[in-house]
Amino acid sequence: MSAEATNSVTPGPMPGAVSGPVTPTAPRRKARPRIDLRRLGRAALLGPAARGRLPDAISHVVDAHRAHHPDADLEPLRRAYVLAESSHRGQMRKSGEPYITHPLAVTLILAELGAETTTLTASLLHDTVEDTDVTLDQVGEQFGEEVRFLVDGVTKLEKVDYGAAAEPETFRKMLVATGNDVRVMSIKLADRLHNMRTLGVMRPEKQERIAKVTRDVLIPLAERLGVQALKTELEDLVFAILRPEEYEHTRELIVRNAARADDPLAEVADEVRTVLREADIPAEVLIRPRHFVSVHRVSRKRGRLQGSDFGRLLVLVNEDADCYGVLGELHTCMTPVVSEFKDFIAVPKFNLYQSLHTAVAREDGQVVEVLIRTHQMHKVAEAGVVALGNPYAPAPDDPADGERVDPTRPGWLSRLLDWQEAAPDPDHFWSTLREDLAQDREITVFRPAGGTLGLPEGATCVDAAYAQYGEDAHACIGARVNGRLATLSTVLKDGDTVQLLMGQDPVSEPSREWLEHAHTPAARIAIQRWLAAHPAQAEAQRTEGREDRQAEERAAPPRPATAVPSDPDGPAPEQAAARLSGGNVLTDRPGATVRLAGCCTPVRPDEITGFAVRGGAVTVHRAECAAVARMKDGGRAEVGVRWGDATECRVTLVAESFVRPHLLADLTEAMALEGAEIVSATVEPPTQQQVRHTYTVELPDAAHLPALMRAMRNVAGVYDVTRAQPQMQGG
């Protein structure tokens, strides 16, 4: 996503690397003077300040902190600095600076974003436990449990204990801590930003490795937490390291544009100020230069850049209603580009971002993008969760007595925390984490009974099932999307209503084919865990699927399965989600898993035979099934099977009917009244006002089958019901 905010602190040149980003010349607020951290570090080495007096070295942190929190208690900062400075004394960074300059710089970044005192205190101490003799217990005793938790959350695991798994396990630990307190990740992001600013002193191969992890993990996390000020600068620094030639080309474009005599953005900004002044809407109109990666993206999208492509206008107002007032004035007095309008105030992004986006066209054809938001929205757009202060502090009138309700625990973080527990090893966690974070857009789907599910863009009904039911989703047999029957492979859209249809079979199992439709790690890991834990059934699925496909290929090509458009009330058109259980079949191989073949679904008193498949399972077919002859011809040995004493059965029935409204609902009701449990259903597209339904059902007794078929035939519109016929060999 293109950045909605420019850098709060413009990165300077990295030693030994490319020059830092150049900001186009445009009217903007006067920047805070660049802080000389080397000088502050040398001052720190003179020793801790006298007790009760703030050390000069953190005066810049204090100034930035007071700008956001004028009444903050500064004593914890003083004590944290004294402990950090004395603990790190004598340690040097690879750049040659005293080590204390690093926690100072990280804390300053957070202070300028508006972090509250507890976060800044932990930031000053964030490396003490990892790199000095200070212990977590000491931190807790001196600064309290919250600071202890934050410091522990960002402390790396030792390579001596974890080896190559140290980095992924450190991130796993950090993410779990973030699930309890998002301030952990705020400190980590600021820590990585300062390290990236000074990465030029590292070997090129180490620069590249750190930049890739930053690109794949930290930048997506900054985006999800809404910390755009950190995200955009991290993007530019990674861009400079991993794609230096494109970075330099983009830098030249920005420098060349900054030297232009005319500035279309400034001209339109003046026009907007005039329009709003005449409308009596108090507003501040600023030019927001695009950061390097944003300019690069626009360049690739549009080719030759115009002056208006190097930035956007930002209009800041006092009230939400003023945002829409500004929008109305701009669209009335200027030429709007309607296709560019987006309302992220009525529907905020999943990372807390709110703003109105629009664009206006100049007479020369240039298009100027405009962002409209309140000052508070702008603060959140820049700093994300950091702007929330301490999200866990109870409100003054809150009687919860310390009960913490986290408003910053978004759906994506909850999903990530759920699946990471199931990741079988560090490598799998690490690769899956990167894949998950690469899905940078989220949709919201609604449940008919109330509530919502947050899912990544591209998610399917399979993903929705596992998001809602966890591993109980193994029993899912279909879905309705917006009241219409849908396959489990259906890709969901933002705002869809999804009803998941669950079977009642205790031995239901996921289909291997679901892996092809699973988009989320939670769904894939759950399915893979089941397949790994049930190798015999998994192998039986693979073999039966191959046999079914071979049988279908030898028969007339079937019509594609879909829902009948006129009837939203019937069962889901999904192929059998649960393979047919062979619990009432005995075999000559004691202990072997028995499965009824899906191609012919034998039922008592059918004559049956069995064949062994890899993994020790036995597949049972009707003796007249075409697959039996083919397997015999291929030299496959038969296994003796016979019906046991149990009377329950599963059978596949085919109903032929005329198309009419509510037909599927009437059919399924008639089947339920006869005691049949529908395991799966397939409905083919109607042809010449006729439609074919295929149901796999479970009956308590095979003797009930004739009555069930009569009840189905008695449904108005149904003219025939038959057993599914075994596939016959082609001539």
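**Close-up views of a predicted model**

**View 1. Helix H20 packs with helix H23.** In this predicted model, helix H20 (residues 426–437) and helix H23 (residues 521–533) pack at an angle of about 145 degrees, and their axes are 11 Å apart. On the H20 side, the contact is made by His428, Thr432, Glu435 and Asp436. These residues meet Pro521, Arg524, Ile525 and Gln528 in H23. By residue class, the contact of H20 with H23 comprises two nonpolar, three polar and three charged residues.

**View 2. Strand S6 pairs with strand S2 and with strand S5.** Strand S6 covers residues 367–374, and seven of its eight residues are buried, so S6 is largely enclosed by the rest of the structure. Buried here stands for under 20% relative accessible area. Strand S2 (residues 311–317) runs parallel to S6, and five bridges join the two. Within this pairing, Leu371 of S6 has Leu314 opposite. The pairing of S6 with strand S5 (residues 356–361) is antiparallel and has six bridges. Here Val370 of S6 has Thr358 opposite. In a regular strand, side chains alternate between the two faces of the sheet.

**View 3. S5 and S6 form a hairpin.** Five residues lie between the two strands. In this hairpin, Gly365 takes a positive phi near 95 degrees.

**View 4. Four strands form an open sheet.** The strand order is S19-S20-S18-S21, and the pairing is antiparallel. Strand S19 (677–683) and strand S21 (718–723) are at the edges; each has a single partner strand, so one side of each lacks a neighbour in the sheet. From one strand to the next, the twist averages 20 degrees. Between strand S18 (residues 649–658) and S21, the antiparallel pairing extends over five bridges. In one of these pairs, Glu656 has Asp720 in S21 as its bridge partner.

**View 5. Helix H26 packs on the sheet of S19, S20, S18 and S21.** Helix H26 spans residues 663–673 and touches S18, S19, strand S20 (690–699) and S21. The direction of H26 makes about 25 degrees with that of S20.

Terms used:
Residues are numbered from 1 along each chain as its sequence is written. This is a predicted model: local features need pLDDT of at least 70, side-chain atom pairs count only at pLDDT 80 or more; totals for chains, interfaces and linings use all residues. Side-chain values use heavy atoms; hydrogens and water are left out. Buried means under 20% relative accessible area, exposed over 50%, partly exposed in between (1.4 Å probe, protein chains only). Two strands pair if DSSP finds at least two bridges between them. Axes are lines fitted to C-alpha atoms, for helices over the stretch in contact, and angles run from 0 to 180 degrees between N-to-C directions. Contact means heavy atoms within 4.5 Å. Ala, Val, Leu, Ile, Met, Phe, Trp, Tyr, Cys and Pro count as nonpolar, Asp, Glu, Lys and Arg as charged, and the others, Gly among them, as polar.
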